[in-house]
Amino acid sequence: MPSLLAALLCLGLCLNQRISTLKESFSKPVIWAIPNFMIPKGKPVAIWCQGTHEAVEYQLYFEGSLSDLEIPKPPGLINKVKFLIPAMTLRTAGRYSCLYRSGELWSKLSDPLDLVVTGMYDTPTLSVHPRPEVISGENVTFYCRLETATSKFFLLKEGRPGRTQHRHGNIQAEFPMGPVTTAHRGTYRCFGSYNNHAWSFPSEPLKLLVTGDIGNTSLVPTDPTSSPDSWDSYFLTTEAGFQKDLALWDHTAQNLFRIGLAFLVLVALAWLLVIDWLSRKRTQEGANRASQREFRRRLRTQRPIEQ
């Protein structure tokens, strides 16, 4: 029996270590914001967290602390949930992340999502030197100016929301570019930043026209006149698709591992029970033989007395 308990204890420790390894390697969810990561003050925003179809619970973290949780409805049929922020404010601007639970295991935290509240305080002005219309190969410099003292400026190109540039400055920052190609043409805006998650009103749009060389048009916005609320987020949907396939593959592999591990546990338990039964049987047989030898010895010692 002690050997049986020791074997079961060892098996349990090995199983616990394997589960911990699975937890560490669980695929990360994908997090994104709709309509954008830049939200005007007072406007709503939806934070989406995508895991797997087997996820039974999602948790949203804000600045490292649990903020909200959602249960997929209906369970098993969807692989993402929505966390709604009714009105964006300074208190809700910051860094978000999420995770999900599948069975008893939790995934890793998603990559961080920085939500920025815009429309704070003043409006900067944006200009470009030498002029808004240039020839391919020339150098240009954008100037973003904000009379209210700030520490950082951001320049964004509409249609490329994830490609922000930032510069430090008190009331003005310079954004040099060049030599430019037609890939640089498009509509630009700038913001002043009072901290990483609180930005000013956007500047008036400034359209840069580049003529001459055809250049690399793969970076040109499909709709250069689009508003900031409709800036493209294609890179998020591409990443989401990749992560979704990876998460489903990981979950299938984990299910196969659990089935195989359960089978091995049953085989091991059956083997241990058989060993224990055989040990008990040998012990009982030994005891019976010893009892028979003792009985014969007593018979031999009693016969001379009777005679």
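The model is predicted. Two disulfides were counted in it. With the bonded cysteines of the protein numbered in sequence order, the pairing reads 1-2, 3-4.

The link of Cys49 and Cys98 is right-handed, with 85° about the S-S bond. Distant parts of the chain are linked by this pair. Cys49 sits in strand S3, which covers residues 45-50. Cys98 sits in strand S7, which covers residues 94-102. Cys49 and Cys98 are both buried.

Another disulfide joins Cys144 to Cys190. Here the S to S distance is 2.1 Å. The link of Cys144 and Cys190 is right-handed, with 80° about the S-S bond. Cys144 belongs to strand S12 (residues 140-145), and Cys190 belongs to strand S16 (residues 186-195). The pair therefore ties together parts that are 46 residues apart in sequence.

Burial was also computed for Cys144 and Cys190. Cys144 has a relative accessible area of 0%. Buried means under 20%, so Cys144 is buried. Cys190 has a relative accessibility of 0% and therefore counts as buried too.

Technical notes:
Residues are numbered from 1 along each chain as its sequence is written. This is a predicted model: local features need pLDDT of at least 70, side-chain atom pairs count only at pLDDT 80 or more; totals for chains, interfaces and linings use all residues. Side-chain values use heavy atoms; hydrogens and water are left out. A disulfide is a pair of cysteine sulfur atoms within 2.5 Å. Helices (H or I, at least four residues) and strands (E, at least two) are DSSP runs, numbered from the N terminus. Buried means under 20% relative accessible area, exposed over 50%, partly exposed in between (1.4 Å probe, protein chains only).
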